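Have a look at the model first, then try each task before you read on.

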4 protein chains.
Amino acid sequence: MLNEFNYQQILNEVYDETIPYFQDGKVADYIPALAKVNPEQFAMSITLFNGKQYHVGVCDEKFSIQSISKVYTFTKALQLFGTKLYKRVGKEPSGNPFNSLVQLEYEKGIPRNPFINAGAIVVTDALLSYFKNIDKCFNDTLSFIQETSDNETIGFDRNVWFSEYQHGHRNLALANLMKSYNNIDNLVEDVVKTYFKHCSIEMSTKELSRSMLFLANHGIDPINGKEYVTHEQAKRINALMLTCGHYDASGEFAFYVGLPGKSGVGGGIVAIVPKVMSIAVFSPRLNSWGNSLCGTKALEIFAKKTGLSIF
Amino acid sequence: MLNEFNYQQILNEVYDETIPYFQDGKVADYIPALAKVNPEQFAMSITLFNGKQYHVGVCDEKFSIQSISKVYTFTKALQLFGTKLYKRVGKEPSGNPFNSLVQLEYEKGIPRNPFINAGAIVVTDALLSYFKNIDKCFNDTLSFIQETSDNETIGFDRNVWFSEYQHGHRNLALANLMKSYNNIDNLVEDVVKTYFKHCSIEMSTKELSRSMLFLANHGIDPINGKEYVTHEQAKRINALMLTCGHYDASGEFAFYVGLPGKSGVGGGIVAIVPKVMSIAVFSPRLNSWGNSLCGTKALEIFAKKTGLSIF
Amino acid sequence: MLNEFNYQQILNEVYDETIPYFQDGKVADYIPALAKVNPEQFAMSITLFNGKQYHVGVCDEKFSIQSISKVYTFTKALQLFGTKLYKRVGKEPSGNPFNSLVQLEYEKGIPRNPFINAGAIVVTDALLSYFKNIDKCFNDTLSFIQETSDNETIGFDRNVWFSEYQHGHRNLALANLMKSYNNIDNLVEDVVKTYFKHCSIEMSTKELSRSMLFLANHGIDPINGKEYVTHEQAKRINALMLTCGHYDASGEFAFYVGLPGKSGVGGGIVAIVPKVMSIAVFSPRLNSWGNSLCGTKALEIFAKKTGLSIF
Amino acid sequence: MLNEFNYQQILNEVYDETIPYFQDGKVADYIPALAKVNPEQFAMSITLFNGKQYHVGVCDEKFSIQSISKVYTFTKALQLFGTKLYKRVGKEPSGNPFNSLVQLEYEKGIPRNPFINAGAIVVTDALLSYFKNIDKCFNDTLSFIQETSDNETIGFDRNVWFSEYQHGHRNLALANLMKSYNNIDNLVEDVVKTYFKHCSIEMSTKELSRSMLFLANHGIDPINGKEYVTHEQAKRINALMLTCGHYDASGEFAFYVGLPGKSGVGGGIVAIVPKVMSIAVFSPRLNSWGNSLCGTKALEIFAKKTGLSIF
């Protein structure tokens with residue numbers, strides 16, 4: 001039934017209906033490297049299990065994936081450590097961002113989930129302990145992304161990396177607080193540096209939608225046939241994306257889009273339609289919760305037009 | 001494909017595999033009326049779109065639906081007020097229960113979602129303003145439950161109602177705090193009384209699984225054909241159940257069960273398999289988050305055996 | 001040495017130097033009965049141990065003592081219950097008002113000190129348990145005030161009382177929360193009603209400065225010779241006023257005035273110069289922390305001119 | 001009148017009455033360098049305006065002054081920057097330590113007062129900006145302490161300094177959080193290193209009581225005649241010590257001792273009797289709030305015996 005959709009036409013319609021929102025929202029400007037991006041870009045890509053892709057907009061434009069990297073690092077950590085990971089990071093939505101530090105204090109340095117900064121920092125610390133140094137750790141994540149994207153040219157932006165580390169005092173505060181609770185094993189500086197390097201990876205929507213396909217197919221990339229995580233793990237990553245993927249607008253996203261997804265302040269969002277496809281959108285202006293405004297809107301329109309919701 | 005399952009056999013297996021957990025957990029004892037229930041009961045019912053039901057355990061045993069009533073009152077409020085409701089209650093997970101009062105303070109008396117107590121109290125206040133008095137308001141909710149359950153004998157337990165109101169100081173605190181922010185229109189006492197009366201409604205798993213079927217079918221009861229909420233509204237109620245249906249274990253439930261659901265401290269849980277069925281379980285002992293321990297376990301086993309997850 | 005001061009002249013100077021601030025600040029307007037007061041009034045009275053009084057401004061004008069009543073009820077409770085009281089209410093500053101509810105939650109319903117609303121409500125509950133009914137309880141406090149003021153005509157304002165109770169949802173929230181932790185023994189409504197009745201007592205600065213003299217003289221009224229509290233208790237009430245007497249500006253008051261004091265939103269402030277005198281000021285406009293703006297200013301100027309600081 | 005006391009006899013009595021508590025409490029053990037101290041030591045020294053000193057116990061034993069250094073650095077900062085300092089650090093008690101980080105978040109990186117760690121870190125940052133490097137900054141503070149102690153041999157413990165920095169993740173968290181709000185100008189590492197170096201200064205009660213005498217005499221050292229801060233500033237430092245000098249037991253200390261004071265986890269406490277004397281006590285075992293248990297007890301007994309309370 002779903003194959004009957006004319007996806008290209010739907011994407012074109014989504015684009016047209018998203019245009020009125022292009023001026024809304026605000027590009028992330030806490031570091032110069034992110035602020036200088038052309039704000040009115042838009043791209044959307046979908047990748048089906050047969051490898052067929054549909055695009056609209058600047059689908060080859062690279063953008064900083066930022067927090068979308070949290071999905072990759074969590075996936076890697078699940079591969080390597082399995083359920084042992086849950087001793088160090090939870091699975092619950094975190095509520096108000098205002099509470100991030102107090103919740104870490106109240107819960108003795110255990111972050112609520114791997115998709116808030118504190119959680120991704122713990123995940124990075126676990127990976128760093130395994131790979132022993134920043135470069136090996138980063139290269140492993142990057143290789144994973146290159147392989148799932150079927151594109152070996154994917155890299156990172158050194159300016160973004162440096163700039164984020166230089167402005168990363170809040171993340172250093174989180175990491176130091178967790179270290180005071182013995183939930184960080186490596187040097188705080190090394191962990192946060194690695195974390196930011198992951199954030200500075202650059203991808204296009206074309207690559208991103210291709211790469212995340214294994215999550216739509218219960219852990220197995222339907223094109224190359226490789227199993228990256230188990231059936232159960234894939235479901236759980238999707239569940240986490242649904243409940244925790246959009247900061248303090250995760251409920252909003254579940255409510256209006258109804259798909260597991262993860263956003264980044266670089267303007268990207270990835271969304272999963274279990275058993276059907278992987279979607280990526282990009283548009284730099286953010287709404288008040290720090291998620292791509294037009295990206296969210298486009299996904300909402302797409303979900304409505306196709307009825308592709310998990311609910 | 002799904003029809004091929006031998007549901008009765010699966011339910012029997014689920015029952016057998018849940019038995020080892022029957023002694024675990026603790027019955028809600030904050031009011032005597034709830035504490036006196038036989039703790040080792042277990043029941044599970046599923047209802048398919050064709051009206052066919054499968055059961056295991058004490059599926060005719062009535063139990064106090066407690067917070068499951070929040071799904072009914074929110075549904076009624078959506079029918080009556082639509083999106084206007086969202087000015088008074090949010091859609092985001094609430095995180096730690098410890099924060100319930102501080103979050104109400106920080107967010108000026110607007111509860112995070114309709115499935116935490118504060119949110120359900122606001123929803124009840126909206127209904128009470130519409131129906132003008134406690135009895136009419138309560139009777140409308142009860143009629144709705146009777147109709148969707150196809151059972152006019154469903155009632156409530158007066159002892160539970162009185163007892164909860166007498167011990168309801170924390171809910172009175174929440175309601176008074178919201179009133180101080182002008183987010184409660186009626187008398188605090190009336191609102192909280194009505195709220196507790198809804199909580200004291202009694203149903204069996206047989207009735208509960210039958211009643212919630214409209215949420216599995218995009219708002220339309222597949223048996224009587226009535227549309228209770230729109231397609232969009234049904235999806236959003238499900239989204240809310242997934243992100244907010246199990247207090248501070250909503251992420252845990254999404255993670256391990258992977259279905260929209262709502263629990264009550266009476267030991268009941270309802271879960272929705274979109275486009276397929278509605279499930280109800282009952283077992284009075286609760287885990288540390290206040291959700292039925294064996295009920296959660298049974299749903300997890302059921303989801304694993306059938307692969308019926310939204311992810 | 002201190003007797004050498006020409007207090008009348010100093011008060012006149014204080015008045016002149018306070019005039020520039022008469023337009024600043026904002027009268028408490030959360031209830032109509034308080035909002036209708038003439039905002040630009042000012043009065044200041046001091047009472048020495050020999051009974052001599054000095055005044056400036058409208059020193060016979062009655063005003064609602066509001067939270068200043070907390071000093072009287074805490075004094076009564078210390079008389080009746082002594083140190084047993086500290087099981088139910090603490091002695092520490094409470095920090096940010098934003099935290100009032102979360103702190104009650106975190107500390108299991110034990111308010112931080114008797115001069116925040118929650119603490120005074122617990123104190124009132126203790127008194128109510130002793131006197132059995134609202135009238136007896138209130139009359140005992142009123143008699144105490146009349147006796148220490150040497151003025152039997154002191155009464156309360158029924159409009160203010162009713163109006164505060166009708167808008168008292170936040171205080172009802174606090175009381176219900178404490179009741180849920182078993183730190184309120186009587187009916188929440190009765191306790192809060194009694195609390196507000198104490199707040200609605202009306203006094204002039206002349207009466208107030210006379211009345212509090214026993215706190216400047218280690219518990220013994222230097223004029224009538226009666227011992228109201230022990231030497232130790234008087235010191236401790238003063239210590240509490242210094243650390244907790246001005247909501248979230250207690251540090252500010254200690255810093256700039258340097259005397260134990262207690263303010264009320266009716267615009268009154270009482271301050272104690274141990275071994276020397278008792279001071280009362282009145283001016284209805286409040287600063288951003290809810291303390292009389294000109295009252296605070298006048299005390300600061302007075303303290304500077306006389307050097308009468310405890311530091 | 002006060003000169004009539006036989007202080008030596010009173011100190012001897014205080015010592016005898018404190019002995020029963022020598023086994024109570026627990027030495028700070030978060031760093032090995034502090035944990036290895038002999039736990040049952042006790043010393044108490046008082047210094048009068050005429051330079052006369054009275055002692056009991058190991059009054060020449062050096063101990064780590066830890067947070068008592070906050071009084072010195074705040075004094076230095078007041079000298080250099082005056083009231084400009086209050087833009088960066090408040091004057092209010094901070095309430096529960098649990099809230100330290102959330103309060104920094106809620107109040108945009110402005111610590112509540114200079115005697116909590118966050119506040120002292122900001123004060124240190126201000127000094128570091130002035131002196132340009134860690135050594136000059138530290139040496140200036142040390143010189144000030146040597147001068148007021150009339151003892152040039154006072155130094156610091158390098159082991160304690162290193163050890164604290166190595167375990168200082170919570171303080172690094174606080175400093176990074178404040179840096180994210182632009183309330184730290186220098187490198188976080190440098191500021192925290194300097195802060196810990198101040199904490200590692202070692203003094204005896206004999207030296208400490210001599211050194212703080214200027215605070216008892218309105219800013220002027222009564223022995224060498226030098227004015228270290230103005231009359232007003234001295235009063236305000238005392239006011240801050242009273243309201244904020246003992247972490248979350250500041251109210252307790254004001255209540256039972258009734259004197260401005262500042263404690264350190266090394267077991268030292270300094271207390272000021274305005275216009276009369278300066279007191280120092282030392283005993284390493286701490287009560288549950290992190291203040292010297294026997295030190296607090298001894299001061300309480302001393303205050304009771306002499307009546308030397310500011311209230």
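## How the copies meet

Chain C and chain D meet through the same surface, because 100% of the interface residues of chain C are also interface residues in chain D. The model is a predicted one, in which local features need pLDDT of at least 70 and side-chain atom pairs count only at pLDDT 80 or more, while totals for chains, interfaces and linings use all residues. Residues are numbered from 1 along each chain as its sequence is written, chains are lettered from A and ligands numbered from 1 in the order in which they are written, and side-chain values use heavy atoms, with hydrogens and water left out.

**Exercise 1.** Find the rotation and the shift that superpose chain C on chain D, and name the relation.

*Solution.* Start with the superposition, done by least squares on the C-alpha atoms of residues with pLDDT of at least 70 in both copies.

**Exercise 2.** Describe the interface of chain C and chain D by its residues and its buried area.

*Solution.* Begin with contacts (heavy atoms within 4.5 Å): 36 residues of chain C touch 36 residues of chain D. Next comes the buried area, which is the accessible area (1.4 Å probe) that two parts lose on being put together, summed over both. For chain C and chain D this is about 3,400 Å², with 58% on carbon and sulfur atoms. Then look at who contributes: Arg236(C), Phe255(C) and Phe311(C) supply 24% of the area that chain C buries against chain D, more than any other three residues.

**Exercise 3.** Work out which polar and charged pairs join chain A to chain B, and which helices of chain A take part.

*Solution.* First, count salt bridges (a side-chain nitrogen of Lys or Arg within 4 Å of a carboxyl oxygen of Asp or Glu); there are four across this interface. One of them joins Arg112(A) to Asp248(B), whose closest N and O atoms are 2.6 Å apart.

Second, count polar contacts (a pair of N or O atoms within 3.5 Å; within protein, one must be able to donate a hydrogen and the other to accept it, and residues adjacent in sequence count only if both atoms are side-chain atoms). Between chain A and chain B, twelve residue pairs qualify, both residues at pLDDT 80 or more.

Third, assign helices as DSSP runs (H or I, at least four residues), numbered from the N terminus. On the side of chain A that touches chain B, H4 (100-106), H12 (231-244) and H13 (250-256) of chain A each supply at least two residues. H12(A) gives the largest share, with eight residues.

**Exercise 4.** Is Ile134(D) buried or exposed, and which residues does Ile134(D) touch?

*Solution.* Locate the residue: Ile134(D) lies in helix H6 of chain D, residues 134-149. Now apply the classes: buried is under 20% relative accessible area, exposed over 50%, and partly exposed in between (1.4 Å probe, protein chains only). Ile134(D) has 18% relative accessibility and therefore counts as buried. Finally, leave aside the neighbours within four places in sequence; Ile134(D) is then in contact with Leu128(D), Asp190(D), Lys193(D) and Thr194(D).
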